[in-house]
Amino acid sequence: MNVEKINASPYDANIYLINKKILIDTGMSPRSLYEEIEKHIDPKNIELIILTHCHYDHTGAATEIEEKCGAKVAIHRDDMELLNDNTGSVASMFGHPAPTVIPSIIYEGGEHIPISNTENLEVIHTPGHTPGGICLYEPVSKSLFSGDTVFPQGSIGRTDFIGGSSDELTKSIEKLTQLDVNVLYPGHGIVTDDNVNAQIHMSLQMSAVMR
Ligand SMILES: [Zn+2]
Ligand SMILES: [Zn+2]
C-alpha cells in the first residue's frame, strides 16, 4: 500500500492519499488540498473519498474535491445527517456552513473496500467520537487509519460533541485492540509504527478511566 500524508492547512485533519486513487478525509482547505494532490497525481485519478466521520476539519473540502475530481464520497450511515448540519458537523465552530456534499456510498461497518488486486480496507464502525465514526484497517501491511477514535501515545477522541459517547468510545477502542496493527495513521498528529498495539491498549485504558 502506498500512503501519502497530506496536511493542506494548519488546522486541517490529516489527509491520506492511498495507492494514488483514494482519499481518506479531505480537511477543510479545498484549494491547497487540490494543489497538494497535484504534486502526487492528476487529481482526476481520485476515485473515492472516504470520510472517517462527519466533522468539518475532516470533511470541509469534500464538496469541492468531489466536484473537481469526479470522485465518489463515502461515509458511515450514522454520520450522514450530522455531515450536512452546521452544528453536528462542527462547521459553525470554524465559522463555516456544513459541507453540502451528499455521499453516494454508505457504510454499515464490515465492508471490504478493494484498493489493489491484493489489498482491501476493512470498514470498522467505531462510534463514540461521533455516532458514525469509522476506522479503516488494511491487513497486508497491518495499517490502521483511526480517524478521531484513537491517536498515538494512548490519546483518544473527544466525546463531548453532538452524538458523542464515552461508553461507545470505550467499546470501539476495545474492538481495535483485537487487531494486529503495525502502523497507525491517526486523524491528527504523527504517523507511528512504534509498538502500536501497546499504544492502542493505552488508549483503551485512558478511555476506561475517562468514562
Ligand atoms: Zn472529529
Ligand atoms: Zn478531527
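In the protein chain of this predicted model, 62% of the contacts between residues at least 6 apart in sequence join residues at least 24 apart, a contact being a pair of C-beta atoms, placed from the backbone, within 7 Å. Residues are numbered from 1 along each chain as its sequence is written. Local features are reported at pLDDT of at least 70 and side-chain atom pairs at pLDDT 80 or more, whereas totals for chains, interfaces and linings use all residues.

The chain contains six helices and 11 strands, taken as DSSP runs (H or I, at least four residues; E, at least two) numbered from the N terminus. Its radius of gyration over C-alpha atoms is 16 Å, close to the 17 Å given for 211 residues by the globule rule, so the chain is as compact as a globular protein of that length; the rule is 2.2 Å times the number of residues to the power 0.38.

Six strands form an open sheet with mixed pairing, in the order β1-β2-β3-β4-β5-β6, where pairing requires at least two DSSP bridges between strands. Strands β1 (3–6) and β6 (105–107) lie at the edges, each pairing on one side only. Within the sheet, β4 (residues 48–50) and β5 (residues 72–76) run parallel and are joined by three bridges, with Ile49 opposite Val73.

Of the 211 residues, 46% are buried, that is, have 20 or more other C-beta atoms within 10 Å of their own. Not counting residues up to four places away in sequence, Ile24 touches Tyr16, Ile18, Ile50, Thr52, Leu136 and Phe145.

Methods
Chains are lettered from A and ligands numbered from 1 in the order in which they are written. Two residues are in contact if their C-beta atoms, placed from the backbone, lie within 7 Å. A residue is buried if 20 or more other C-beta atoms lie within 10 Å of its own, exposed if 12 or fewer, and partly exposed in between; C-beta atoms are placed from the backbone.
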